[in-house]
Structures are given as structure tokens and as C-alpha cells.
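This report looks at side-chain contacts in one structure. Please have the sequence and the 3D view at hand while reading.

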Amino acid sequence: MDGVVGQILEKQVLSVAKAVEDKLDEEIAALERLDPDDIEALRERRMLQMRRAAERRAKWRALGHGEYAEVPEKEFFSAAKASERLVCHFYRDNWPCKVMDKHMSILAKQHVETRFIKVHAEKSPFLTEKLRIVVLPTLALVKNAKVEDYVVGFDELGGKDDFSTEDLEERIAKAQVIFLDGEGPANPSKQTTTSKRSVRQSDTGNSSDSD
């Protein structure tokens, strides 16, 4: 029985290896068919892509991307309008919020395409009421100046404070507010059903449980 299983596995491995080899052969053949003008065009296109990527990163850095920083209540709106994607941690001085801070600091450096900020909820009564922030910590996931989704407490992260940064990363990526590949559009993912709430004007939205 073990011998039969081994033979089946060996055939599967050889089949996959053959497919990879055939794909590489096709790519090598395609490169060999290119003339000097085609190669130069590819090089110029790649250089243009790299230059645009560098310009995009410079713009993001100028807006505060790449760092995790606290902003006062009055600056939240301008930050949400300036950056296409923003994650805002509404916090107070307690242990759960310190846990969230740790993960947010890591993700801010990994995902320069998105701005990561924090707002002290107890010092921001207008904003917390407008966005109906009740449980702390709460992350507001903002895209194009609209709140796409919320991460409320740790319930969606296993219910405990020992969740990984990757767990939080995947949860935020569901709202397409960060990209799992770093800077490019993520693969289409299932959008959450949370109602969008504009940060430009007051709208109604899902209520959250009390702290």
C-alpha cells in the first residue's frame, strides 16, 4: 500500500516539475525571439514603472505614510481626505489598545501605501460620536474619505490579545484598505457588509457594543 502511494506521489511531483520546466522553456523561447528594439522597449517601460513607483512612494511619505502617529481630532478629516487609504486606531490608555499599537506600528512600516494613525477617543468626543465609536480599541478602515469597515475589539482576531500581526493584516486587507502584496492592487476579496460612513458628513451606520 505504501509503495502504491509513493508511486502516485512521485508521478504527481514529476508532473508538476514538467509543467514548471515547460513554462520556463516557453518564457526563454519568447525572450530569444525578441529583437533589440523589443528589449529596449521593455527596458524603457520597466524604468518608467520604477520611476512612477518611486514618485508614488515619495508622495505617500510626504503625507505621513510609513509611520504610525497620533493626530488630534481636528486633523482626522484632512488626513482622511489627503490619503486614499487610512487606518485609524481609536484608543485610550489601556492594555488592549497598547497591544493594537504594537501591531499598527509594524503594519505602518510594511504598508506604505496606507496611512496609519491613532486618535485618543476620550479627547475626541465629536469624532467618536460621529463615527459611533464605543468599544476600544476600534480601527476605522477608511478609503476615499469613507469608512469602509471597522475592526471592533479583538472579536474578529480570535477574541484574545495574542493574535498575530498577520491576523490583523489579513482582516484589514478584506476591506482593501491595505494590499497584501505591499503596494499594488490586491486580489479581489470579499467585501464586508458594513455600511460605509463618510467622514465628510454625518451618516448613520452600524452600532457597536458598549465597552
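Predicted model: local features only at pLDDT ≥ 70, side-chain atom pairs only at ≥ 80, totals over all residues.

Residues are numbered from 1 along each chain as its sequence is written, and side-chain values use heavy atoms, with hydrogens and water left out.

**Aromatic rings**

A pair of aromatic rings is described by the distance of the centres and the angle of the planes. Rings of Phe, Tyr and Trp (its six-membered ring) pair if their centres lie within 6.5 Å; planes under 30 degrees apart count as stacked, over 60 as edge-to-face and the rest as tilted. Four aromatic pairs turn up in a search of the whole structure. In one of them, the ring centres of Phe 77 and Phe 126 are 6.3 Å apart and the planes stand at 50°, so this pair is tilted. Because Phe 77 belongs to helix α3 (residues 73-82) and Phe 126 to helix α5 (residues 125-130), the pair ties together parts that are 49 residues apart in sequence. Helices (H or I, at least four residues) and strands (E, at least two) are DSSP runs, numbered from the N terminus. Phe 76, Phe 77, Phe 90 and Phe 126 make up one aromatic cluster.

**Salt bridges**

A salt bridge is a side-chain nitrogen of Lys or Arg within 4 Å of a carboxyl oxygen of Asp or Glu. The whole structure holds six salt bridges, including those in the table.

| Salt bridge | N to O distance |
|---|---|
| Arg 43 and Glu 40 | 2.8 Å |
| Arg 171 and Asp 149 | 2.7 Å |
| Arg 171 and Glu 156 | 2.7 Å |

Arg 43 and Glu 40 both lie in helix α2 (residues 36-62), three residues apart, which is about one turn of the helix. For accessibility, buried means under 20% relative accessible area, exposed over 50%, and partly exposed in between (1.4 Å probe, protein chains only). Arg 43 is partly exposed at 46%, and Glu 40 is partly exposed at 34%.

Arg 171 forms a salt bridge with Asp 149. Since Arg 171 lies in helix α6 (residues 165-173) and Asp 149 in strand β5 (residues 146-152), this pair ties together parts that are 22 residues apart in sequence. Both Arg 171 and Asp 149 are buried. Glu 156, in contrast, is partly exposed, with a relative accessible area of 48%. Salt bridges that share partners join Asp 149, Glu 156 and Arg 171 into one network.
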